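Open the model in your viewer and keep the sequence panel beside it. This tour goes stop by stop, with something to select at each.

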Amino acid sequence: MIGRLNHVAIAVPDLEAGVKTYAGVLGARVSAPQALPEHGVTVVFVELPNTKIELLEPLGGNSPIAAFLERNKAGGIHHLCYEVDDILAARDQLKAEGARVLGDGTPKIGAHGKPVLFLHPKDFCGTLTELEQV
Ligand code: CO
């Protein structure tokens, strides 16, 4: 069902410091910051030859990554995103397997302008898992 690893998302308390680490220390190509108010984050994309790293900083008072950063003050890996061909078919198959889809199960438009869904970490080896239709 799942295809390529689309991105690894890392929550950071300070996006500018994260950009310095990836662009400066690691010498990666990093996009300009994008505010995504509907997702409660500001994001930059680190472009690697085989995948992307997304650095997420909380945006606004009700950010979905605020609690994660409360528990992981230095930041940390927040989720993995796998590509699927058909997100509704993937959702239905996963639900039939007993996996929990977060929210009401309706795909949202993610940071790349494509439909995404999140799956409960307890059903996926303790890792918040995103599916993106490509
Ligand atoms: Co993501």
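Is Thr106 buried, exposed or partly exposed? Select Thr106: at a relative accessible area of 47%, Thr106 is partly exposed. The scale runs as follows: buried is under 20% relative accessible area, exposed is over 50%, and partly exposed is in between, with a 1.4 Å probe and protein chains only.

Before moving on, note that this is a predicted model, in which local features need pLDDT of at least 70, side-chain atom pairs count only at pLDDT 80 or more, and totals for chains, interfaces and linings use all residues. Residues are numbered from 1 along each chain as its sequence is written, and side-chain values use heavy atoms, with hydrogens and water left out.

**Stop 1: around Thr106**

Thr106 sits in the loop between α3 (87-96) and β7 (108-109). Helices (H or I, at least four residues) and strands (E, at least two) are DSSP runs, numbered from the N terminus.

**Stop 2: the cobalt ion**

Select the cobalt ion. Its donors are His7 (NE2), His79 (NE2) and Glu130 (OE), at 2.0 to 2.1 Å. Donors here are N, O and S atoms within 2.8 Å of the metal (3.2 Å for Na, K and Ca); water is not among the atoms, so sites may look incomplete. Along the sequence, the donor residues follow the spacing H-x71-H-x50-E. His7 belongs to strand β1 (residues 5-11) and Glu130 to strand β9 (residues 129-133), so this pair ties together parts that are 123 residues apart in sequence. His7 is buried, at 1% relative accessibility. Glu130 is buried too, at 5%.

**Stop 3: His79**

His79 is buried at 4% relative accessibility. Show the side-chain contacts. The His79 side chain makes a polar contact with the side chain of Glu130 (2.9 Å) and another with the side chain of His7 (3.4 Å). A polar contact is a pair of N or O atoms within 3.5 Å; within protein, one must be able to donate a hydrogen and the other to accept it, and residues adjacent in sequence count only if both atoms are side-chain atoms. Leaving out residues up to four places away in sequence, His79 also touches others, including Leu56, Phe118 and Leu128. Contact means heavy atoms within 4.5 Å.

**Stop 4: the lining of the largest pocket**

Select His39, Pro64, His78, Phe118 and Leu128. Of the 35 residues lining the largest pocket, these lie nearest its centre. A pocket is an open set of points on a 1 Å grid over the protein atoms alone, where a 1.4 Å probe fits, with protein on both sides within 12 Å along at least five of seven lines; lining residues have an atom within 4 Å of a point. Elements giving two or more residues to this lining are β4 (41-47), β5 (52-58), α2 (66-71), β6 (76-84) and β8 (115-119).

**Stop 5: Pro58**

Go to Pro58, in strand β5. Pro58 is partly exposed, at 30% relative accessibility. Beyond its neighbours within four places in sequence, Pro58 contacts residues including Val12, Gly40 and Leu69.

**Stop 6: Cys125**

Finish in the loop between β8 and β9, at Cys125. Cys125 is exposed, at 80% relative accessibility. Check its backbone: phi is positive, about 60°, although Cys125 is not a glycine.
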